[in-house]
Amino acid sequence: MIVKGQKIARIYSNDRGLKDASFLLNEGEIIALAGGNGAGKSTLIRLLTGQEKPTSGQLEWGSEQSVNYMPDDVDFPLTLSAEEIINLLGSLKKVGQAEQETVLKRVGLWEERKQTVRHYSKGMRQRLNLAQALLGPSNFLLLDEPTNGLDPYWVAELKKMVLEQKELGKTVLFSTHLLSFAQELAEEVLLLHQGNIITQGNLEHVLRENDCKNLEELFIMKIQNNL
Amino acid sequence: MLRSRWMQLVALLFVFVFASVSLIQQMALPEVEGFTRQSAAALNLQLFLLPLFLLTIGSMSIAGDVESGWLSLLKTYPITLRQYVFGKYAALLLSFFVMLALSFSVVIGTGAFVGQLGISWVFVVLSFLIVLIFAAIALLIGAIAKSRLHALALSLVLWASWLLLLSYALMAIGTFSAGHVLQKLLIVNIHINPAEWLRFGYFLLSKQEAVLGPAFYSFTNFYSSPFGLFVYACLSVLWIILSLGFAVFILDRKGRVE
């Protein structure tokens, strides 16, 4: 077990957030946190990264975890270059120059590393965001809407990177509202709707159990049942 | 922070205004002893411009990090909020110290050509003290603010209150209240208003406490003593420590259960 949530709730003043979510995440798996906008995916990720504390319920962690995180809504300082940002964040994690170089090359920003973020496209900023999440040792990688702003080539590369991380023995949890992307990559799925977990478990098993061909069909069926 | 175009523009404007005012004052009124129009103008300029630039730039710097998600990301790294706030403080100090050093250099350099244009050490010390205190307050405002715009608004309200409104309010109160009441209010204002605290510090360090008038004799007498100066230094440090401490506390509270 990597983490277990017991009746976790984090409700905001606009009544959105996460409501009584119970879940179990196991080590070494690729887990998709799927659902529509405002389903509570980012809230759950912020709770897992410790940025926010739950209103009620508790998180029970397995052995000592080292979490790397890719947020969905970060704007890097515009006056710094990719190299400087990776260097700054790398120094906080005590990551050497060689690994910083490897990470920048992996996300295709090595050639543009000297340019300030001001001159980056949305896709390049998202790749920089991904690069910082790959920095340093960790056993739990959290990616919040990692496909945002990426072109098809980099979405394909992202899939490869997620699989590479799994090969290294890491647990990868990613949130997405693209159900096809979740289906292609995930082994486990947590389907959220309006702050509630409406389905969770092994993806193939869940689809078979509900007699659905794909995640989209399952999602629509579950939403209609919930209405 | 020095790479920010806004910061560069502010530095350029400050150096230009400071050098121009020093030069014009010198041409209009060559230096004489005591609290002159020249020293009053230079003091007012520092007390108006430096807090304005510090409060807006400093507060928006932290509020910007919160708004952009950069601080949220940093929170997932092995860095404490205390380190983050002190890092921001150091960056702000460095930027403004460079700006001050540049403006003093320009004035001294100009003085070499026109003659008699100099800067007293008290003025230099006070300028650095303004930066030390207002940079800390700026970070506290940034921590309180919910967005960059909110930080800007809060900064301007506080700046206007400390530099303009409180003084006018006291003048208004003085028209109908007894002298001893006004005197007490002025002493309170000196202690709760960092701009007045610094102005008072200038009088203390330049030994011109008499500017405040005979009614403040016992008050100025206390602060001009060695122990009083020590108290002044301690209270100045307290402004800094409390502001930075509350900034860390508020940033820590942000994101917790509402």
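This is a predicted model: local features need pLDDT of at least 70, side-chain atom pairs count only at pLDDT 80 or more; totals for chains, interfaces and linings use all residues.
Trainee: What makes a residue count as buried?

Mentor: A residue is called buried if 20 or more other C-beta atoms lie within 10 Å of its own. F140(A), L142(A) and D144(A) on one side of β6(A) are buried, and so are L141(A) and L143(A) on the other, which leaves both faces covered.

Trainee: Why do the residues fall on two sides?

Mentor: Because side chains in a regular strand alternate between the two faces of the sheet.

Trainee: How do you know that β6(A) and strand β7 (residues 171-176) of chain A pair?

Mentor: Pairing needs at least two bridges, and these two strands have 5, in the parallel sense. Strand β5 (residues 67-70) of chain A also pairs with β6(A) in the parallel sense, over 4 bridges. L143(A) stands opposite M70(A) and opposite F174(A) in β7(A).

Trainee: In chain B, why are helices α5(B) and α6(B) called oblique to each other?

Mentor: The axes of α5 (residues 121-144) and α6 (residues 148-174) of chain B cross at roughly 135 degrees and come within 9 Å. Angles over 145 count as roughly antiparallel and 65 to 115 as roughly perpendicular, with the rest oblique; α5(B) and α6(B) are therefore oblique. Their crossing is right-handed.

Technical notes:
Residues are numbered from 1 along each chain as its sequence is written. Chains are lettered from A and ligands numbered from 1 in the order in which they are written. A residue is buried if 20 or more other C-beta atoms lie within 10 Å of its own, exposed if 12 or fewer, and partly exposed in between; C-beta atoms are placed from the backbone. Axes are lines fitted to C-alpha atoms, for helices over the stretch in contact, and angles run from 0 to 180 degrees between N-to-C directions. Angles under 35 degrees count as roughly parallel, over 145 as roughly antiparallel, 65 to 115 as roughly perpendicular and the rest as oblique. A crossing is left-handed if the near helix is turned anticlockwise from the far one by less than a right angle, and right-handed if clockwise.
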